[in-house]
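Visitor: I have a protein structure open on my screen and would like to learn how to read it. Could we go through it together?

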Amino acid sequence: MAVTGAPQGRVARLIRRLGRRAGGMLPASLQADQVVLYPSGERFFDALFAALQQAQRLICLEYYIIRADRTGGRLAALLADAVQRGVQVFLIYDAVGCLETPEAYFSSLRRQGVQCLAFNPLSLRKGLHWFDRRDHRKLTLIDGQLAFLGGLNIGDEYAGLLEQQRSFHDVGFSLRGAAVTPLVELFAETWLQEKGSRPLLPALDPPPPPAAGAVDVSLVSGSPQHLRSSIRATFRVAMASATEELLIVNPYFIPGPRIMRSLLRAARRQVRVRLLLPARSDVPLVRLVSRSTYESLLKAGIEIFELERQLLHAKLMLIDGERTVLGSANLDQRSFHRNYEINAVIRSREFGSQVRALIEQDLAGSRAVSLDDHVRRGLLQRLLEWLFRPLCWFL
């Protein structure tokens, strides 16, 4: 469902200023003529693949994981078809994220005319400190007019093609209009940084001027090159701006002391804070360390729920029902300091109402964590949490 938004206010200006200071705010007229929420992988990929079929001049893709499964095969076929009709196609994939993807998959794309670039392939020349820096973004840009973003990688587990217990519960969204222009430039900068030369993108028609009622959007990029974490700063500003309600959905919740302080301060201001976190995780160590934070949060009155029916992968934050933060970044130190990430702050009560309905539905089907139950967890569980908590920086 497409939405329109309200003019930006004090919080938007603060986010922009903080982002510029951290080096992560993308400069542009950030107005979207249309913003669409996709509450499931099925709906996201239906829309994405339909849009790829309509591309006329340019497709840019940047993904952490691309599987050589049914979903990845469908993507490859659509990209090859696009090249055949004269569309220029550029693809950045993370070398570690795609470690299990056969090189033949990308070789086949290259033979069919797709320009593929592996981000930060394993190399001893760069030193071990560089190995941990990954491209965690998920974005597709079409003709400089339409962008698909969110938390979904390319794979059957994200597209809802596996049984429920093995599928990821995730969300995506699309932007149309002038807000897409800086994303094209960000893609070109990443290509330049990795390859040493800019991609030869075709000349694109500029997006039309924002229509009346366009949605106000701030785009926040995260990178290890930034002196301060713009991703974390945006999360903290969002939390600090809450006056009534703060809804947070995140799969890898290792917040660190600054985010913890922001959450506890919001609770002290009588903001109702609810967290939706995973009951199961594809990285069990992350879940173990995450649960070591529960006691402080629960004692402060923060409500915690755990999603059990699927593997949670969505990254959402809704502030007072009108400001939504969503994208690729998790609430962990890796996303703050070592990954390349992209988030959006969307100011629209209409869009927020869709996000709220989705979160409320998930909360209703999740298990509430009580302080009494958490305090009574076994001694072994407490010991493991204590032992592994110092690893939070590396997770």
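**Reading the model step by step**

Guide: Let's begin with the cysteines: the structure holds zero disulfides. Please keep in mind that this is a predicted model.

Visitor: Are C60 and C98 buried or exposed?

Guide: Buried means under 20% relative accessible area. C60 has a value of 0%, and C98 has 4%, so both count as buried.

Visitor: What does the chain look like as a whole?

Guide: The protein chain comes to 15 helices and 20 strands. Of its 395 residues, 58% are buried.

Visitor: Which residues form a nonpolar patch on the surface?

Guide: Look at L99, L122 and F131, which together have about 320 Å² of accessible area. F131 sits in helix α5, residues 128-131, and is partly exposed at 42% relative accessible area.

Visitor: How many salt bridges does the structure hold?

Guide: There are 24. To read one, look at where its two side chains sit and how exposed each of them is. R198 and E185 meet in a salt bridge at 3.1 Å, N to O. R198 lies in the loop between α7 (181-195) and β12 (215-222), while E185 is in α7, so the pair ties together parts that are 13 residues apart in sequence. R198 is partly exposed at 41%, and E185 is partly exposed at 34%.

Visitor: Which residue forms a salt bridge with R367?

Guide: That is E306, with the closest N and O atoms 2.7 Å apart. This pair links distant parts of the chain, 61 residues apart: R367 is in strand β20 and E306 in strand β15. R367 is partly exposed at 33% relative accessible area, whereas E306 is buried at 0%. Salt bridges can also share partners, and in this way E245, R274, R356 and E360 are joined into one network.

Notes: Residues are numbered from 1 along each chain as its sequence is written. This is a predicted model: local features need pLDDT of at least 70, side-chain atom pairs count only at pLDDT 80 or more; totals for chains, interfaces and linings use all residues. Side-chain values use heavy atoms; hydrogens and water are left out. Patches are made of residues with over 30% relative accessible area and no salt bridge: like charges are joined within 9 Å, nonpolar side chains (Val, Leu, Ile, Met, Phe, Trp, Tyr) within 5 Å. Accessible areas come from the Shrake-Rupley method with a 1.4 Å probe; for residues, only the protein chains shown count as cover. A salt bridge is a side-chain nitrogen of Lys or Arg within 4 Å of a carboxyl oxygen of Asp or Glu. Helices (H or I, at least four residues) and strands (E, at least two) are DSSP runs, numbered from the N terminus. Buried means under 20% relative accessible area, exposed over 50%, partly exposed in between (1.4 Å probe, protein chains only). A disulfide is a pair of cysteine sulfur atoms within 2.5 Å.
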